[in-house]
Each structure stands twice: as C-alpha cells, then as structure tokens.
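Please read them beside the coordinates.

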Amino acid sequence: MSKHDELSRNLQRNGVTRRQVLWLFGAAAVSGCAQSPVGGKSILVGMSEAQEKSIDQQVSPQQFSQDLGPVQDARINSYVSSVGQRLDKLTHRPQMPYSYRVLNANYVNAYTFPGGAMGITRGIMVDLQNEAELAALLGHEMGHVNARHAAQRQGQAMVAQVAVAGASIAASNSQWGGLVSIGSQLGASALLSSYSRDNEREADALGQEYMVRAGYPASGMVALHQLLVDQQKESPGLLQTMFSTHPMNVERRDTAQRLAQEKYAASLKRDAGRERFMDSTASLRRIKPTIAACQNGEMAMAGKQYAKAEGEFRSALQKTPRDYAGNVLMAQCLQAQNKTGDAMRYAEAAKEIYPQEAQAHKLSGVLALGLKDPAAAFANLDRYDRMLPGDAGITFLKGVSLEGMGKRQEAANHYAAFLRRQQQGDAAKYAYSRLQGWGYVK
C-alpha cells in the first residue's frame with residue numbers, strides 16, 4: 001500500500017497519525033511557492049502603476065495577516081496614518097494609495113508593498129522615541145515606493161513567496177516548531193531582501209527629504225538609524241530585513257547625520273513631537289514588557305527551545321492575558337511540544353479576542369486536524385479562506401478535511417481546484433492520486 005493510499009484510509013477511519021498530519025502541512029506549505037499570485041506571470045518587471053496597486057490589493061492582506069494583523073487600537077493606527085498622510089502628499093507620487101497599520105508582530109521592522117501599503121511592527125513602535133523618528137521610518141518606506149524599487153527588479157518567485165507566506169504552517173525536520181510565527185517574517189523578507197545598497201541609500205535620502213518637507217527635523221532619521229545600530233549590537237536576531245539585509249547601518253546613520261547638519265541644518269530646531277508621540281502610543285508602550293517576552297519566546301522557538309519559549313509566553317500572558325499575539329504564539333509553542341489539546345484552547349482564545357483576524361482560524365484548523373476532528377478543521381479553514389481567499393495550501397487542506405469527513409465529491413472538487421493552480425510538489429501528487437484512485441482521472 002502506498003503512503004497516499006495509507007493516508008486516505010486513515011482519513012476515512014479518522015485515524016490520521018501525527019506524522020501524516022505533519023506531512024500534509026509540509027506538502028501544502030511547499031506547494032504554494034511555485035507560482036505568482038498575479039496570473040502566474042513575472043509581475044515585477046517594468047510594472048505599470050496599475051500593476052503596483054494591484055499587487056498591494058492581492059498580496060499585502062496575506063502578509064499583514066501573517067504578521068498577526070493590525071493592533072486592536074484604533075487610536076494608534078489612526079495616529080500612525082495621520083503622520084503618514086502628513087508626508088505622503090509631499091512625495092513625488094502623491095497619487096499612490098498609501099495606507100498604514102501597526103502590526104501585532106513582535107520583531108523589529110517596517111515594510112511596504114509597491115503601491116504604498118505599509119506595515120510597522122509593534123516591535124519597532126515601542127522602541128521609537130518621538131514622532132520625527134516615526135516620520136523617518138515611514139519616509140524611508142515612501143522612498144522605496146517613489147523610487148519604484150520594486151518595479152525595477154525581477155521577482156516572480158519573490159512575490160509568490162510573499163503571497164503564500166500564510167500557507168507556511170509546517171516545520172522542517174518533522175518538528176512542529178515551524179509553526180512559530182518568526183517564520184512568517186520570510187514573507188516580508190522575501191519582498192525586501194533584494195533591495196540593493198543603492199536602493200536603501202536612495203530610500204533614506206528620499207525619506208529624509210519628505211520628513212523635512214513635512215516639517216520634521218532631519219535629525220529624526222539620524223536617531224532612527226542610531227536606534228537600529230544599537231539594537232543590532234544588543235539583539236541582532238530581532239532586527240529584520242529593512243535595516244539588516246546589508247550591514248550598513250553605521251554608514252547610513254553617518255550619511256543622514258551629514259545631510260542633517262549640512263543640507264537640512266535649518267530644520268534641526270523643529271519640534272520632534274515627543275509629547276504627541278508618547279501620548280498617542282501610550283497604550284502600546286504599556287505592554288512593552290509583554291512584547292519583550294514574546295520576542296524572547298519567538299527567539300527560543302526558533303532555536304527549538306520549547307520549554308523556555310513556553311515560559312516566556314506564559315510571562316507575556318500573565319502581563320496581558322488578552323494579547324492576541326501572545327495567545328497565538330502560546331498555541332504554536334504547545335503544539336510544538338505535542339500538547340495539541342492545550343494548544344487548541346489558546347488558539348480558540350485568540351479567535352475570541354480578535355475574530356476578524358485570520359491566523360487564529362487557520363491555526364485552529366491545523367490543530368483540529370491533529371486532533372482528528374476534520375469537520376472542525378474544515379470549518380476553521382473555510383473561515384480563513386473567506387477572510388483571506390486565494391491560498392492554494394488552504395484549498396488543499398480543505399480537501400483533506402472533506403476527505404476525512406467522507407465527502408468524496410467535495411474533496412475531489414477541492415483537489416481539482418488545487419491542481420489547477422499547482423501541479424508540482426507532494427500535495428499535488430497526493431491530490432492527483434486521490435482523483436486517480438476515485439476514478440476522476442485516468
């Protein structure tokens with residue numbers, strides 16, 4: 001009996017093994033990376049403005065959700081948007097549909113998609129000291145949009161990797177540790193990692209120009225780079241792609257300092273907006289210890305130190321019990337230790353805390369399959385699919401869930417839909433074997 005036949009038999013008997021569940025998740029995760037989400041074409045070569053906007057609409061929701069969605073604090077998101085809007089109307093491309101959100105991700109980063117959809121992690125927000133530093137951060141991202149850096153480089157595989165980051169739910173080496181959200185950073189990393197040194201220099205220069213135009217002191221860019229230089233020394237693992245892909249933080253800080261003292265010297269007496277920033281971000285800064293504990297836990301998870309990670313996440317949740325990110329991370333950590341029932345309780349708590357965010361629904365679906373409850377798995381995966389449509393890996397796992405429920409025709413429809421999008425990889429082989437075994441294909 002082939003492994004595919006054995007898995008199918010176990011699905012029918014509601015007796016899928018943990019190894020088989022791991023294989024399913026791995027197959028689904030790997031399968032998604034072969035195709036661009038925009039018609040399967042190489043869309044990052046000479047993009048038109050319409051295409052840049054289209055990428056934002058189709059790809060950014062997946063990545064923002066993979067970074068656990070916007071923080072549930074309307075005041076913070078409104079404040080960051082107001083700073084962005086103060087700058088973006090003064091850029092070289094004011095017509096772009098810029099948008100801004102602070103994300104629940106704990107790592108230190110900010111990133112943008114080609115049309116100006118920006119995400120700023122809560123991990124970097126709690127380290128900023130004033131509005132001028134925030135303006136520098138947003139201005140840098142606007143620099144990438146205005147210089148059309150994404151449109152200048154080839155990257156079909158890159159965009160595909162970003163778009164399917166949400167399907168990356170399996171671990172390497174048959175370990176559940178791959179569920180840890182630190183792996184989700186690959187989405188943004190894939191988008192940004194091909195920025196060249198010259199791209200980064202240009203984005204810095206444009207960002208500093210925009211923030212000065214908007215009435216901020218140019219020293220905000222210097223302070224931002226100094227913050228990142230300091231953090232790179234203290235906690236390099238928390239610093240992500242935008243400022244760490246190329247080890248040039250000191251050079252960029254010094255360049256920003258020179259421009260501030262020479263070209264923008266007249267701006268240096270301006271108010272950096274510390275009081276306004278502190279007032280507007282007070283609720284987020286209050287949970288900085290929670291964020292720090294989550295950061296420590298994610299680093300431990302990345303090193304497969306699961307007991308240590310669990311302790312950090314428990315500490316985070318003791319400080320802030322209804323922290324969405326903390327509950328999702330705890331669920332992932334417990335599943336990494338094969339404590340699936342306990343993990344499900346935290347995933348369900350996360351769904352209750354933030355029902356409109358998709359990741360906890362996916363995680364509950366993953367866990368339900370592990371608990372041999374295909375109906376619950378399908379319900380959660382379908383909910384995710386309605387919130388964030390277009391993930392081929394979810395289509396495959398819904399087919400698996402339906403097969404486990406004994407709904408062969410519906411499972412076959414999902415497998416066929418999956419194969420229309422993906423013809424290579426283990427998931428495709430499994431889907432095809434089921435269609436063949438059931439007589440739908442010869």
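1. Helix α10 (residues 197-213) packs with helix α11 (residues 219-234) at an angle of about 135°, their axes lying 9 Å apart; axes are lines fitted to C-alpha atoms, for helices over the stretch in contact, and angles run from 0 to 180 degrees between N-to-C directions. That angle makes α10 oblique to α11, since angles under 35 degrees count as roughly parallel, over 145 as roughly antiparallel, 65 to 115 as roughly perpendicular and the rest as oblique.

2. In this pair, Asp204, Gly207, Gln208 and Met211 of α10 meet Gly220, Met221 and His225 of α11 (contact means heavy atoms within 4.5 Å). By class, the contact has two nonpolar, four polar and one charged residues; Ala, Val, Leu, Ile, Met, Phe, Trp, Tyr, Cys and Pro count as nonpolar, Asp, Glu, Lys and Arg as charged, and the others, Gly among them, as polar.

3. The model is predicted, with local features needing pLDDT of at least 70 and side-chain atom pairs pLDDT 80 or more, whereas totals for chains, interfaces and linings use all residues. Residues are numbered from 1 along each chain as its sequence is written, and side-chain values use heavy atoms, leaving out hydrogens and water.

4. Three strands form an open sheet of mixed pairing, ordered β1-β3-β2. Helices (H or I, at least four residues) and strands (E, at least two) are DSSP runs, numbered from the N terminus, and two strands pair if DSSP finds at least two bridges between them. β1 (99-103) and β2 (110-112) are the edges, each with a single partner strand, so one side of each lacks a neighbour in the sheet.

5. β1 and β3 (residues 117-121) run parallel, joined by five bridges, and Val102 stands opposite Ile120 in β3. Helix α3 (residues 49-66) packs on the sheet, touching β1, β2 and β3, and its direction makes about 10° with that of β3.
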